[in-house]
Amino acid sequence: MIKQLSIYFLLCILLVAGVGAGLLVGSFSTSLTDVRDAIWAYDAGNATHFAIVQLRLPRLALALLVGGSLSFCGYLMQAMVNNPLADPYILGTASGASLGASLSISGLLATTWGAIYLPPFFALIGAFGVTLLVIALGYRKGQIIPAQLLLAGIAVSSLLTALVSLFTFLSGSESHIKSILFWSMGDFGRANWEFLPYPAVALGLSLLLFQFQVKELNALLLGSERAQTLGVHVVRTRWLILITVAVLCGFSVALAGSVGFVGIIIPHVTRALLGITYKNNLLVCAWLGGIFMVGCDILSRFIYPPAGLPISIITSFFGVPFFVYLLLKKQYYFS
């Protein structure tokens with residue numbers, strides 16, 4: 001119990017420190033006093049207040065939500081397919097969203113409607129559409145076959161990635177190419193308060209729902225046959241996971257682009273800290289994922305101010321060594 005409380009305390013400190021640092025880092029220097037004044041006495045005409053409340057704060061909120069959602073989805077997918085190296089994008093969600101956004105950015109679909117920037121909407125449609133296609137390909141004899149689902153996801157993702165690369169190659173505008181690349185590699189620069197409630201509500205409801213499914217998820221780690229003998233409704237649980245992952249990943253990729261490795265790294269770190277079957281693993285996984293993503297965003301802006309590098313570049317520097325470590329040690333904190 002003391003260990004868990006210590007971890008929660010450390011996560012609180014990291015979260016406060018990360019948000020504080022994120023509000024101070026930008027194209028111009030700000031102080032803690034500026035942050036306090038901007039939050040408690042916001043003045044829209046004050047450039048410093050505007051930067052903190054309308055640019056930096058929603059960017060941090062989006063990073064927290066995307067990191068939490070992808071980490072949570074990675075935990076669910078690893079349990080569902082009983083594979084410690086699975087990630088939330090195996091359903092083709094990221095590639096579908098990238099395709100939808102690319103079609104809009106390249107001009108094949110509308111880019112704006114009035115004052116509304118449309119690529120996030122087309123990305124969301126693409127994410128859901130491709131996810132449904134992959135699920136259909138992985139569905140056989142009345143149930144989801146995990147191995148078939150994995151293969152379908154790999155095949156469809158590869159095809160759509162090739163199409164996105166084709167649109168990028170054929171695009172005659174340098175700005176379009178840059179926008180597509182940023183979307184394919186993750187970017188929090190377009191965060192705004194208007195869209196943030198959707199991923200926030202989706203993540204909150206999903207965490208609440210699966211707090212009542214912890215025993216089922218732990219049973220799935222033993223394999224579908226053993227889970228059934230323990231009384232788990234495997235088919236229903238898998239469908240619940242697939243729908244949740246599709247919604248959360250769809251919102252995440254639509255608003256921030258594709259961010260790699262988070263869904264693989266954080267579930268393993270969570271299980272290493274708290275054990276495989278700890279009841280609050282899902283909550284801690286999302287919490288830790290949000291903190292990690294905020295840290296990566298701050299690092300990206302520190303290296304390449306003010307906009308920052310594409311976020312997947314930063315996560316890859318952490319993810320690839322961690323992935324290699326897992327393969328070499330053959331210790332997955334999983335089974």
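## The second largest pocket

Helix H6 supplies the largest share of the lining of the second largest pocket, with eight residues. This is a predicted model, by the way. The pocket holds about 360 Å³ of space. Of its 19 lining residues, the closest to the centre are Ala 94, Ser 95, Ser 157, Thr 161 and Ser 258. Besides H6, helix H4 (93-105) and H7 each put at least two residues into the lining. Sorted by class, you get eight nonpolar residues, ten polar ones and one charged.

Take Ser 157 from that central group. Ser 157 sits in helix H6, which runs over residues 146-170. Is Ser 157 buried or exposed? With a relative accessible area of 17%, Ser 157 counts as buried, because the cut-off for that is under 20%. Leaving aside residues up to four places away in sequence, Ser 157 touches Tyr 89, Gly 92 and Ser 95.

## The largest pocket

Now for the largest pocket, with a volume of about 510 Å³. It is lined by 25 residues, and Tyr 117, Asp 187, Gly 189, Arg 190 and Ala 191 are the closest to its centre. The elements giving two or more residues to this lining are H3, strand S2 (116-117), helix H7 (174-185) and H11. H7 gives the most, with four residues.

What is the lining made of, by class? There are 16 nonpolar, four polar and five charged residues.

## Aromatic pairs

Across the whole structure, a search turns up six aromatic pairs. One of them is Phe 72 with Phe 210: the ring centres are 5.9 Å apart and the planes stand at 75 degrees, so this pair is edge-to-face. Phe 72 belongs to helix H3 (residues 47-80) and Phe 210 to helix H8 (residues 197-210), so the pair ties together parts that are 138 residues apart in sequence. Both Phe 72 and Phe 210 are buried.

Tyr 198 and Phe 251 also pair up, but stacked, at 6.3 Å centre to centre with 20 degrees between the planes. Here Tyr 198 comes from helix H8 and Phe 251 from helix H11 (residues 234-256), so parts that are 53 residues apart in sequence are tied together. Phe 251 is buried, with a relative accessible area of 18%.

## A charge over a ring

One more contact to look up on screen involves Tyr 75. The charged end of Arg 271 sits over the Tyr 75 ring, 5.0 Å from the ring's centre.

Technical notes: Residues numbered from 1 in each chain as written. Predicted model: local features only at pLDDT ≥ 70, side-chain atom pairs only at ≥ 80, totals over all residues. Heavy atoms only, no water. Phe/Tyr/Trp six-rings, centres within 6.5 Å; stacked < 30°, edge-to-face > 60°. Buried < 20%, exposed > 50% of the residue type's maximum accessible area, 1.4 Å probe, protein only. Lys NZ or Arg CZ within 6 Å of the ring centre and 35° of its normal. Contact = heavy atoms within 4.5 Å. 1 Å grid on protein atoms, 1.4 Å probe; cavity = no way out; pocket = protein on both sides within 12 Å on 5 of 7 lines; lining within 4 Å. Points joined across faces, edges and corners; volume = space filled by probe spheres on them. Nonpolar A, V, L, I, M, F, W, Y, C, P; charged D, E, K, R; others polar.
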